[in-house]
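This briefing covers selected local features of one protein model. Please read it alongside the sequence and coordinates shown here.

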Amino acid sequence: MTSLTDRIAGAPISWGVDGSPGWGYLLSSDRVLGEMASIGLSATELGPDCFLGETPETVRRNTAAAGLAVVGGFVPLLLHLPSRSGEQEGYARRAIKTLAACGSKAMVLGPVLPQNGYDLSGELDATHWDTFDRNLKRLIAQAGEAGLEVALHQHWGMAVEQPRHLDRVLAKTDVSLCLDTGHMFLAGIDPLEVARTVPDRIAHVHLKDVDETAAARVRAGEVTFRQAVRGGMFRPLGSGDVDVEGVISALEAAGYQGWYVLEQDKILDGAPPPRQGPVEDAATSVRYLRELAVMIEHRREE
């Protein structure tokens, strides 16, 4: 059994790197990878298309130079329309090829809506859901041929956002999940209940904490998702209102051996932040997880 402390990874969005148009200032991959390594992370996700390199070989070289493995990548794809565009097909193929070449076992699927960003919610009709199911099945087969497991990410502003959407995915498909503590909490889904009831469906985990006051304003439509992220809605682990300890304890008790990825969405405005910048929040989350790992180990020994 691999120790929890050896399964902590980072995601570039914790450094403000997101592929959405106008998201904010994007740090260089060299800085992001270097800072991940500096706080003791052993792996990273890919980030936006080609952020870590134009080819699988370049991605492997860049991450290896920082001493990091690649353990997944958030791949936003439009699945509920009859056919994906050539651009979407190409992106899916690139992501699958790169992840497989880098030794990753999971591809994190973001089932997007036709919008730039995550500010608007949507509702699929029965025809859209049927198309979604067919395209999802095809993607699972395509990724499976490369040795990858698709982990569907429930996400604010995406096709699978609300509790009813997640319930439908669980009931109507056999896709695995990426459990994101922050997006579930924001949508009114209890991530601890998901961890306890369907641990066998969870292939990957994104960890973020959430300020409930800010989340309530998003749910009420008082601010947009992007405005809330800019205002610091997502917090370092242990400083928000999500039962992160409960989720991880439940997953570990169920035998989960996948990765825990620090994925605290940030928006960096203007210019590069000073060197303490986003890495400080990430370091706080790493310390929290290491302390939690010690507590869980002690409980096992009692």
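The model is predicted.

**H5 and the loop to E7**

- H5 spans residues 163-172, and its buried residues are His-165, Leu-166, Arg-168, Val-169 and Leu-170.
- Thr-173 sits in the loop that connects H5 with E7.
- With a relative accessible area of 13%, Thr-173 counts as buried, because the cut-off for burial is under 20%.
- A polar atom of the Thr-173 side chain lies 2.8 Å from the backbone oxygen of Val-169, and Val-169 is itself one of the buried residues of H5.
- Setting aside neighbours within four places in sequence, the contacts of Thr-173 are Asp-133, Leu-136, Arg-168 and Arg-201.
- Between Thr-173 and Gln-142 the C-alpha to C-alpha distance is 16 Å, and the two are 31 residues apart in sequence.

**Nonpolar core**

- The largest nonpolar core has 105 residues, and those that touch the most other members are Trp-15, Phe-132, Val-194, Phe-225, Met-233 and Ile-248.
- Helix H11 gives the most to this core, with 9 residues.
- In soluble globular proteins, nonpolar side chains tend to be buried together.
- Val-194 is in contact with Leu-166, Leu-177, Leu-179, Met-184, Ile-189, Pro-199 and Ile-202, leaving aside neighbours within four places in sequence.
- Of these contacts of Val-194, Leu-166 is a buried residue of H5.

**Glu-263**

- Glu-263 is found in the loop between strand E11 (260-262) and helix H11 (277-301).
- The relative accessibility of Glu-263 is 7%, so this residue counts as buried.
- The side chains of Glu-263 and Lys-208 are joined by a polar contact of 2.6 Å.
- Not counting residues up to four places away in sequence, Glu-263 touches Ala-11, Ile-13, Ser-14, His-153, Asp-180, His-206, Leu-207 and Lys-208.

**Largest pocket**

- The largest pocket holds about 760 Å³ of space.
- Its lining comprises 33 residues, of which Gly-19, Ser-20, Pro-76, Tyr-91 and Val-112 are the closest to the centre.
- Strand E4 (74-77) and helix H3 (86-101) are the elements that give two or more residues to this lining.
- H3 gives the most to the lining of the largest pocket, with 4 residues.
- By class, the lining of the largest pocket has 15 nonpolar, 11 polar and 7 charged residues.

**Second largest pocket**

- About 220 Å³ of space lies in the second largest pocket.
- This pocket is lined by 21 residues, and the closest to its centre are Asp-49, Cys-50, Arg-94, Ala-95 and Thr-98.
- Helix H2 (56-65), E4 and H3 each contribute at least two residues to the lining of the second largest pocket.
- H3 gives the most to the lining of the second largest pocket, with 6 residues.
- The lining of the second largest pocket divides into 11 nonpolar, 5 polar and 5 charged residues.

Note on methods: Residues numbered from 1 in each chain as written. Predicted model: local features only at pLDDT ≥ 70, side-chain atom pairs only at ≥ 80, totals over all residues. Heavy atoms only, no water. Buried < 20%, exposed > 50% of the residue type's maximum accessible area, 1.4 Å probe, protein only. Polar contact = N/O pair within 3.5 Å; in protein donor to acceptor, adjacent residues only side chain to side chain. Contact = heavy atoms within 4.5 Å. 1 Å grid on protein atoms, 1.4 Å probe; cavity = no way out; pocket = protein on both sides within 12 Å on 5 of 7 lines; lining within 4 Å. Points joined across faces, edges and corners; volume = space filled by probe spheres on them. Nonpolar A, V, L, I, M, F, W, Y, C, P; charged D, E, K, R; others polar. Core = buried A, V, L, I, M, F, W, Y, C linked by side-chain atoms within 4.5 Å.
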